[in-house]
2 protein chains.
Amino acid sequence: VAQRERRRPGRRPGPSNTRQAILAAARSQFAASGYDRTTIRSVAEDAGVDPALVLHFFGSKQRLFVSVVELPLDPGALRELVAGPPDGVGERVARFAVTVFEDEDALARWTAMIRSATSEPAAAQLLREILTERVFVPLAQTLGVRDARLRAGLVGSQLVGLVMARHIVGIEPLASLSVDRVAQAIAPTLQRYLTEPL
Amino acid sequence: VAQRERRRPGRRPGPSNTRQAILAAARSQFAASGYDRTTIRSVAEDAGVDPALVLHFFGSKQRLFVSVVELPLDPGALRELVAGPPDGVGERVARFAVTVFEDEDALARWTAMIRSATSEPAAAQLLREILTERVFVPLAQTLGVRDARLRAGLVGSQLVGLVMARHIVGIEPLASLSVDRVAQAIAPTLQRYLTEPL
């Protein structure tokens, strides 16, 4: 299985490097081509490894996809968003999200996920989970508001729509607006969705 | 070119019926499979006509797509949205949009467009045009506000995100909420994007 690895003298990539190379290739392909047109074979080719090695590390295309779009969002970041006065949580979430999307790697993950979620049930389910259970439901619950799941869905709708309009479809001048101005524009929306009466 | 038509005695579909059959087949395929996987040939097959007839009526796949996703939004509807007190325009637009998405045919067009816009530059350009020049820029201009294009983009981001979250990805309970409650939830967002300081 790892023959192609062994044939590269002088480089000696460990399993960790190989896994990272596969992840990098998969991330870039899922973002550029979407879920359907990305294959285990094409990812393996890009990463310079045998397709069997991709399956060895990740098991299936769906699990590879899940690994790739795993959001760079640690529990500490979430606690930070909730810390501070509740009437500033909209601005903190807005600034955090808009800043995350400025990061090329993070944006590629979000783009891949959104693109794939429009046609692939597994990707749609993952996007649902991330927007609700993993991020915004806990956030809303920590704020102690009612309708945490509805609020999470509304916040998710605005953030997914922002990625679509600003980064994927590229509607000007929204697409080239500064992080500050975009965060300022959507902060009251997120604040209302998170803490105010709906 | 129209041989297959002529071979169907008793039905005698006119050019108008044929055109409608092609449009119906194209709409359903673009919605279900997206831009890339829909072909002139597959649409022709579904419509029961020769591929050359599809090209005869529409010229190219891109023009066929544009014809399919042409939004059911007449100038009268737009005037209605702007009529009435400016501080109610958010609610009128919210109610109008949420109601449009309840219509199966209209939702299929929007879904096809959004799905295709994530991977197809021609579709992305069309979505940009519809959300800005054709609908929300004129609306914002009629309201006499500054930053009409930015406001149009923000409204577009929330509406595209709503279609994604409620109809394509299906985030509950947003997905099964009543038209009234969804319109109520997003109306203040649209109001702010259209008329209030950003």
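This is a predicted model: local features need pLDDT of at least 70, side-chain atom pairs count only at pLDDT 80 or more; totals for chains, interfaces and linings use all residues.
1. Fold of chain A. The secondary structure of chain A consists of eleven helices and zero strands. Chain A has 198 residues, of which 52% count as buried. When contacts in chain A between residues at least 6 apart in sequence are considered, 65% of them join residues at least 24 apart.

2. Nonpolar core. The largest nonpolar core contains 145 residues. Within this core, L64(A) and L64(B) have the most contacts. With residues up to four places away in sequence not counted, L64(A) touches I22(A), L23(A), A26(A), F30(A), I40(A), V43(A), V54(A) and F58(A).

3. Extent of the interface. The contact between the chains involves 41 residues of chain B and 41 residues of chain A. Chain B and chain A bury about 3400 Å² between them, and 62% of this area is on carbon and sulfur atoms. The rule finds 14 residue pairs in polar contact across the interface, both residues being at pLDDT 80 or more, whereas it finds zero salt bridges there.

4. Composition of the chain B side. The elements that give two or more residues to the side of chain B touching chain A are α2 (15-37), α8 (104-117), α9 (121-143), α10 (148-168) and α11 (179-195) of chain B. Of these, α10(B) gives the most, with twelve residues. By class, this side of chain B comprises 22 nonpolar, ten polar and nine charged residues.

5. T189(A). This residue is found in helix α11 (residues 179-195) of chain A. The relative accessibility of T189(A) is 2%, under the 20% cut-off, and T189(A) therefore counts as buried. Its contacts, leaving aside neighbours within four places in sequence, are with Q158(A) in chain A and with Q158(B), T189(B), R192(B) and Y193(B) in chain B.

6. Salt bridge between R166(A) and E102(A). A search of the whole structure finds ten salt bridges over all chains. In one of them, the side chains of R166(A) and E102(A) meet at 2.7 Å, N to O. Because R166(A) lies in helix α10 (residues 148-168) of chain A and E102(A) in helix α7 (residues 89-102) of chain A, the pair ties together parts that are 64 residues apart in sequence. The two partners fall in separate accessibility classes: R166(A) counts as buried at 4% relative accessibility, and E102(A) counts as partly exposed at 41%.

7. Salt bridge between E133(A) and R149(A). The side chains of these residues meet at 2.6 Å, N to O. E133(A) lies in helix α9 (residues 121-143) of chain A and R149(A) in helix α10 of chain A, so this pair ties together parts 16 residues apart in sequence. E133(A) is partly exposed, with a relative accessible area of 43%, and R149(A) is partly exposed, with 34%.

8. Further charged pairs in chain A. E129(A) forms a salt bridge with R134(A), with 3.6 Å between the closest N and O atoms. E129(A) counts as partly exposed at 30% relative accessibility, and R134(A) is partly exposed with a relative accessible area of 34%.

How values were computed: Residues are numbered from 1 along each chain as its sequence is written. Chains are lettered from A and ligands numbered from 1 in the order in which they are written. Side-chain values use heavy atoms; hydrogens and water are left out. A nonpolar core is a set of buried Ala, Val, Leu, Ile, Met, Phe, Trp, Tyr and Cys residues joined through side-chain atoms within 4.5 Å. Buried means under 20% relative accessible area, exposed over 50%, partly exposed in between (1.4 Å probe, protein chains only). Contact means heavy atoms within 4.5 Å. Buried area is the accessible area (1.4 Å probe) that two parts lose on being put together, summed over both. A salt bridge is a side-chain nitrogen of Lys or Arg within 4 Å of a carboxyl oxygen of Asp or Glu. A polar contact is a pair of N or O atoms within 3.5 Å; within protein, one must be able to donate a hydrogen and the other to accept it, and residues adjacent in sequence count only if both atoms are side-chain atoms. Helices (H or I, at least four residues) and strands (E, at least two) are DSSP runs, numbered from the N terminus. Ala, Val, Leu, Ile, Met, Phe, Trp, Tyr, Cys and Pro count as nonpolar, Asp, Glu, Lys and Arg as charged, and the others, Gly among them, as polar.
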